[in-house]
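Trainee: I would like to take a close look at one part of this protein, namely its aromatic side chains and what surrounds them. Could you take me through it slowly, with the rest of the chain as background?

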Amino acid sequence: MRGKDLFEAITGLDDGLVAGPAEDKPGKKPGRGRWLAAAACFAAVLSAAFFFGRGRPAEGPRLPMLAIEEGDADAMGYEGYLAYDITDLISANPWNENALITHLPVIKNKRTYNGIQRVENPDYPRMERLLKETAESLGMDVENIPLTNDIPDGETQKMIAEKMGGQVPEGYFDIGRLILEDDRYRVEADTACTVEVNFKTPVRLPEGYRFEHHSGYEDALRAAEYIKKEYAELIGMKDPVTCVAGGDFNIYGEQSYSISFYERGKDLTQDILNYHFDTVCFYPDDDGALFLVRKNGMDLSEVVGEYPVISPKEALALLEGGNYATTVPYPFKSKEHVKKAELVYRAGAREKLFMPYYRFYVELPDEKLENGLKDYGAYYVPAVEGKYIENMPVWDGGFS
């Protein structure tokens, strides 16, 4: 039985799977803002601020109970993907409907944001190490370049304090970024241990390669293979897997893809974790030249436990029962509107725990555009067995 047929058999869906979220693309033209706002909204709302509960399941492994803490919606927009057909949406998520995964880790986020949007307990030594490793891979003379940071000078701090009425929260002026800079690059490491490389002179790919916001899939794939070879040291992986993701459109009908890489793991679970948490992403500017690279390296060292996961069929039943979280302002109606599904980890900075979810792409007929573009809203169902979740989400008619 083919993968598509198997998924149809267990879920009743008509299409195959979409695997993986499209990367945000710095420097894009107008029209992409709806997804950026959606991502910000969902990070703040579902944000899935998870924490440990006091109880334990009556049977099975002695694993801490998990509780989902809902936040307040404070951003506009929702997570939706525009496409003429669901098959337009492409990714390289290593999970698929044939994956025989029974357990996945739930991991503590060691770099969560606090109330003033600062990472609690930053690991400055790790930030510096990642910063210098990246700079050295670019050929920068690290030993002779001063290490700086983003702490405002005294006068700027005074101005900010005055604007805040003199009440500056403790830690507000702590270091947020470490910086190394020469005449070619500005390299920054933030407190989430994400490293960014800014090319002071954007680099054009050789003739014959297209690396633009709205390049087609084949063009993006060819550009990605060139980048993988040309910037192998910067990528810093033994066996990088190429990810050309996206395929969604903006309101002007312009389709786009992102290019990233993750390290191939020793097994499928490691591939899934690397795909979501340990990536190197390359971005073009508006003229189609490479101007930014972002290296995401989450600290996944504190594993809460290996939790049993439910099947897509079980997750679909929960979705039909209203046990989901979404930023879409419409209730889920029926499975006939579900077009695709995938297993994902939420990796937002506000999440206290990283845990797996099923993300369902649900067609929203009321949001179809005049040019024929359909809107597919994202609805999330926890993939961890329900007996380990203290407060299974229930959609209450608002943003959840």
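How many aromatic pairs does a search of the whole structure find?

Mentor: The model is a predicted one, and a search of the whole structure finds 18 aromatic pairs in it. A pair of aromatic rings is described by the distance of the centres and the angle of the planes. Take Y324 and F332 to begin with: their ring centres are 6.4 Å apart and their planes meet at 70°, so this pair is classed as edge-to-face, a label that applies to planes over 60 degrees apart. Both of these residues, Y324 and F332, are buried.

Y324 also pairs with Y379, and here again the arrangement is edge-to-face, with 5.3 Å from centre to centre and 70° between the planes. This pair links distant parts of the chain, since Y324 lies in the loop between α8 (312-320) and β14 (325-326), whereas Y379 belongs to strand β18 (residues 374-382), 55 residues apart. Are the two partners buried or exposed? Y324 has a relative accessible area of 3%, and because buried means under 20%, Y324 is buried. Y379 counts as buried as well, at 1% relative accessibility.

Beyond these pairs, Y185, F199, Y231, F261 and F282 form one aromatic cluster. Two further tyrosine rings have an arginine as a neighbour: the charged end of R118 sits over the ring of Y172, 4.4 Å from the ring centre, and the charged end of R346 sits over the ring of Y380, with 5.0 Å to the centre of that ring.

K335 counts as partly exposed, at 37% relative accessibility. Its C-alpha is 7.1 Å from that of E320, although K335 and E320 are 15 residues apart in sequence.

Another loop deserves a careful look for its backbone. Most residues other than glycine have a negative phi. C193, however, has a positive phi of about 65° although it is not a glycine. C193 lies in the loop between β7 (185-190) and β8 (194-203), and this residue is buried, with a relative accessible area of 1%.

Finally, consider the second largest pocket, which holds about 440 Å³ of space. Of the 23 residues that line this pocket, R126, L130, D278, N296 and G297 are the closest to its centre. At least two lining residues come from each of α3 (124-137), α7 (268-277), β11 (278-284) and β12 (290-297), and α3 gives the most, with 5 residues. By class, the lining has 10 nonpolar, 7 polar and 6 charged residues.

Conventions:
Residues are numbered from 1 along each chain as its sequence is written. This is a predicted model: local features need pLDDT of at least 70, side-chain atom pairs count only at pLDDT 80 or more; totals for chains, interfaces and linings use all residues. Side-chain values use heavy atoms; hydrogens and water are left out. On a 1 Å grid over the protein atoms alone, a cavity is a set of points where a 1.4 Å probe fits but cannot get out, and a pocket is an open set with protein on both sides within 12 Å along at least five of seven lines; lining residues have an atom within 4 Å of a point. Grid points are joined across faces, edges and corners, and a volume is the space filled by probe spheres set on the points. Helices (H or I, at least four residues) and strands (E, at least two) are DSSP runs, numbered from the N terminus. Ala, Val, Leu, Ile, Met, Phe, Trp, Tyr, Cys and Pro count as nonpolar, Asp, Glu, Lys and Arg as charged, and the others, Gly among them, as polar. Buried means under 20% relative accessible area, exposed over 50%, partly exposed in between (1.4 Å probe, protein chains only). Rings of Phe, Tyr and Trp (its six-membered ring) pair if their centres lie within 6.5 Å; planes under 30 degrees apart count as stacked, over 60 as edge-to-face and the rest as tilted. A charge sits over a ring if NZ of Lys or CZ of Arg is within 6 Å of the ring centre and within 35 degrees of the ring normal.
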